[in-house]
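Reader: I would like to learn how to read a single residue in its setting, and then the chain around it. Could you take me through it step by step?

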Amino acid sequence: MKKTDVGIVVFMYGVCVWFLLMNRSLPADAQIYPKFIIAVLGGLTTLYLIKMLISAKKEGVTNGFSELFKGFLPRQFFPILGLAIGYLAALYLIGFYPASIIFMILLLWFMNIKPLTIGITTVAIMLLVFVTFNVVLKVSLLKGLVFDLLF
């Protein structure tokens, strides 16, 4: 077990609690799926914690900080970080669907994916998200500031 793994487990439990608190603001019917995902995430984190404890008992605890940034590629990290920050800004300005489509296309293009695969992947995931949230759960996603001002 590595000491850095403890931070991962604490972070993941924090994500679960944060999403659980955010989930309370949804309508009761729309809370079922997010609660399921939160339970799965919490369960997987608990399994990882158990694995860590077993590993610590068998092999001991190592530092792990020397390996933390081994293989770090700034040429990949910083453009993706910029895309993620741009995506968050675009979510606010133009809404979920346009921002997600642009983000997916740019991200997949940056990863040198073929254009046909980019198109198929983007359409498939957007359809899946639309059906899941708008049709099944009847939850509207972010419309964006621009559309609120125009309509």
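Reader: In which helix is Ser-100 found?

Author: Helices are DSSP runs of H or I with at least four residues, strands are runs of E with at least two, and both are numbered from the N terminus. Ser-100 is found in helix H4, which covers residues 96–110. This is a predicted model, in which local features need pLDDT of at least 70 and side-chain atom pairs count only at pLDDT 80 or more, while totals for chains, interfaces and linings use all residues. Residues are numbered from 1 along each chain as its sequence is written, and side-chain values use heavy atoms, with hydrogens and water left out.

Reader: Is Ser-100 buried or exposed?

Author: Buried means under 20% relative accessible area, exposed over 50%, and partly exposed in between, with a 1.4 Å probe and protein chains only. Ser-100 has a relative accessible area of 3%, so it is buried; of the 151 residues in the chain, 24% are buried.

Reader: Which residues does Ser-100 touch?

Author: A contact means heavy atoms within 4.5 Å. Leaving aside residues up to four places away in sequence, Ser-100 touches Tyr-87 and Met-126.

Reader: How many helices and strands does the chain have?

Author: The chain has 6 helices and 0 strands. Its radius of gyration, taken over C-alpha atoms, is 20 Å, well over the 15 Å that the globule rule (2.2 Å times the number of residues to the power 0.38) gives for 151 residues, so the chain is more spread out than a compact globule.
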